[in-house]
Amino acid sequence: MNLELYLNLLSQPCRAVYIFAKKNGIPFKMHNMDILEGQLMSEQFSQVNCLRKIPVLKDGNFVLTESSAILIYLSSKYQVADHWYPADPQARARVHEYLGWHADNIRSTFGVLLWAKVLAPLIGIQIPEEKVERNREQMVLALQRLEEKFLGDRAFLTGQQVTLADLMSLEELMQPVALGCNLFEGRPRLSAWRDRVEAFLGAELCQEAHGLILSILEEAAKKRLPVPPPEFHASMLSRIARIP
């Protein structure tokens, strides 16, 4: 087995890659990178990705970072069902359109609650409540645009079948849900979309992928999470400082 994936299922992009590979029967060796133990800062991992971020794909001597690039690579190499990453130029362009918008409007926004409620307190940092409230407002605005621009009256974000866009979006939206913010409440169209995506993926796979993040608040409350090592603090502080 040449394909290796460096992942941690607390991470939204990592979960998207994991679910995609599992759903499509792609064999891989998983390196479970313990973020809180500081494994991303190790010298060994820096030889894999000098940026010290996950997910990372290693296929023989070929190393690839960034979740969207990894998903496109897997779609192409393993000839998965066309609906994931359509061959039709216009349908494929719609997937890219969403992924571009996702990077600017979803990716940096929907992970803030994990930092506010779990990660920052592990190193003694409290994120100001006004920042948390501003983040909630940003999520509401992003969800409105997600429904209006991409979902509309379609079954899925770019059409009538599941694509990489739906998988990437679902995993980001699950992050605040796991932290006690039910984004789907009062949004019947979006809630029905989630149900369709999860039904397609299968309950067992969703439970497997989401188990870690869905239990994170309980683990934090019971003080079962490790305190990140000092060498990881600078990286964490840099991320916290970028929360608007």
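Helices here are DSSP runs of type H or I with at least four residues, numbered from the N terminus. Keep that in mind as you work through these exercises on a predicted model.

**Exercise 1. Work out how helices α1 and α3 are oriented to each other, and describe their contact.**

Solution. 
- Step 1: note the geometry. Helix α1 (residues 12-23) and helix α3 (residues 67-77) pack at an angle of about 10°, and their axes are 9 Å apart.
- Step 2: classify the angle. Angles under 35 degrees count as roughly parallel, and α1 and α3 are therefore roughly parallel to each other.
- Step 3: list the partners. From α1 come Pro13, Ala16, Val17 and Phe20, and from α3 come Ser67, Ile70, Leu71, Leu74 and Ser75.
- Step 4: sort these residues. Seven are nonpolar, two are polar and none is charged.

**Exercise 2. Describe the aromatic pairs Tyr6 with Phe45 and Phe20 with Trp84.**

Solution. 
- Step 1: A pair of aromatic rings is described by the distance of the centres and the angle of the planes.
- Step 2: start from the count. The model has eight aromatic pairs.
- Step 3: take Tyr6 and Phe45. Their ring centres are 5.9 Å apart with 50° between the planes, which makes a tilted pair. Tyr6 belongs to strand β1 (residues 3-7) and Phe45 to helix α2 (residues 43-46), so this pair links parts of the chain 39 residues apart.
- Step 4: check burial. Tyr6 is buried at a relative accessible area of 9%, and Phe45 is buried at 2%.
- Step 5: take Phe20 and Trp84. Their centres are 5.1 Å apart and their planes meet at 80°, so this pair is edge-to-face. Phe20 lies in helix α1 and Trp84 in the loop between α3 and α4, so the pair ties together parts 64 residues apart in sequence.

**Exercise 3. Find which residues touch the most other members of the largest nonpolar core.**

Solution. 
- Step 1: take the whole set. The largest nonpolar core has 87 residues.
- Step 2: name the best connected. Phe20, Tyr98, Leu146, Leu173 and Trp193 touch the most other members.
- Step 3: follow one of them. Beyond its neighbours within four places in sequence, Leu146 is in contact with Tyr98, Trp101, Leu151, Leu157, Ser169, Leu173 and Leu190.

**Exercise 4. Explain why helix α5 counts as largely enclosed.**

Solution. 
- Step 1: look at the burial. Nine of the eleven residues of α5 (residues 112-122) are buried, so the helix is largely enclosed by the rest of the structure.
- Step 2: name the buried residues. They are Val112, Leu113, Leu114, Trp115, Ala116, Val118, Leu119, Ala120 and Leu122.
- Step 3: find the cover. The covering elements include α6, α7, α9, α10 and α11.
- Step 4: see what follows. After α5 comes Gly124, with a positive phi near 80°.

Technical notes:
Residues numbered from 1 in each chain as written. Predicted model: local features only at pLDDT ≥ 70, side-chain atom pairs only at ≥ 80, totals over all residues. Heavy atoms only, no water. Axes fitted to C-alpha atoms, helices over the stretch in contact; angles between N-to-C directions. Helix = DSSP H or I, 4+ residues; strand = E, 2+ residues; numbered from the N terminus. Parallel < 35°, antiparallel > 145°, perpendicular 65-115°, else oblique. Contact = heavy atoms within 4.5 Å. Nonpolar A, V, L, I, M, F, W, Y, C, P; charged D, E, K, R; others polar. Core = buried A, V, L, I, M, F, W, Y, C linked by side-chain atoms within 4.5 Å. Buried < 20%, exposed > 50% of the residue type's maximum accessible area, 1.4 Å probe, protein only. Phe/Tyr/Trp six-rings, centres within 6.5 Å; stacked < 30°, edge-to-face > 60°.
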